[in-house]
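Please read it alongside the coordinates.

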Amino acid sequence: LLRTRMQATGSSDGLGATAARVVRSGGVGSLWTGLGASLWRDVPFSCIYWALYEALRRRAKATHPQGEVTTSAAFLAGAA
């Protein structure tokens with residue numbers, strides 16, 4: 001929230017000054033404005049990302065002769 005406020009207003013006051021202004025105008029609870037929407041966006045993405053990463057990593061490990069995951073395979077699993 002603070003970074004967004006600073007960008008939107010073009011403020012260069014700093015994080016502390018912006019936080020103080022937000023708390024003065026909307027109370028301490030206003031620091032968490034938008035948290036619900038962010039969680040609705042980030043949690044499903046993270047669940048899908050990590051489930052897919054682990055599945056691809058297991059598949060790469062199963063196909064490797066020594067049962068190891070190479071650096072390139074781990075990178076590709078994370079990039080998928």
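The structure holds three salt bridges. The model is a predicted one.

| Salt bridge | N to O distance |
|---|---|
| Arg21 with Asp13 | 3.2 Å |
| Arg41 with Asp42 | 2.7 Å |
| Arg57 with Glu54 | 3.3 Å |

**Exposure of the paired residues**

Take Arg21, the partner of Asp13. Arg21 has 36% relative accessibility, so it counts as partly exposed.

Arg41 and Asp42 meet through their side chains. Arg41 is exposed, with a relative accessible area of 56%. Asp42 is partly exposed, at 33%.

How far apart are Glu54 and Arg57 in helix H3? They are three residues apart, so about one helical turn separates them. Helix H3 covers residues 35–63. Glu54 is partly exposed, with a relative accessible area of 27%. For Arg57 the value is 27%, and this residue is partly exposed.

**Helix packing**

Helix H1 spans residues 2–9 and helix H2 spans residues 15–26. Their axes come within 10 Å. They cross at roughly 95 degrees. Angles of 65 to 115 degrees count as roughly perpendicular, and H1 and H2 are therefore roughly perpendicular to each other.

Which residues make the contact? H1 contributes Leu2, Arg5 and Met6. H2 contributes Leu15, Thr18, Ala19 and Val22. By class, the contact of H1 with H2 has five nonpolar residues, one polar and one charged.

Key
Residues numbered from 1 in each chain as written. Predicted model: local features only at pLDDT ≥ 70, side-chain atom pairs only at ≥ 80, totals over all residues. Heavy atoms only, no water. Axes fitted to C-alpha atoms, helices over the stretch in contact; angles between N-to-C directions. Helix = DSSP H or I, 4+ residues; strand = E, 2+ residues; numbered from the N terminus. Parallel < 35°, antiparallel > 145°, perpendicular 65-115°, else oblique. Contact = heavy atoms within 4.5 Å. Nonpolar A, V, L, I, M, F, W, Y, C, P; charged D, E, K, R; others polar. Salt bridge = Lys/Arg side-chain N within 4 Å of Asp/Glu carboxyl O. Buried < 20%, exposed > 50% of the residue type's maximum accessible area, 1.4 Å probe, protein only.
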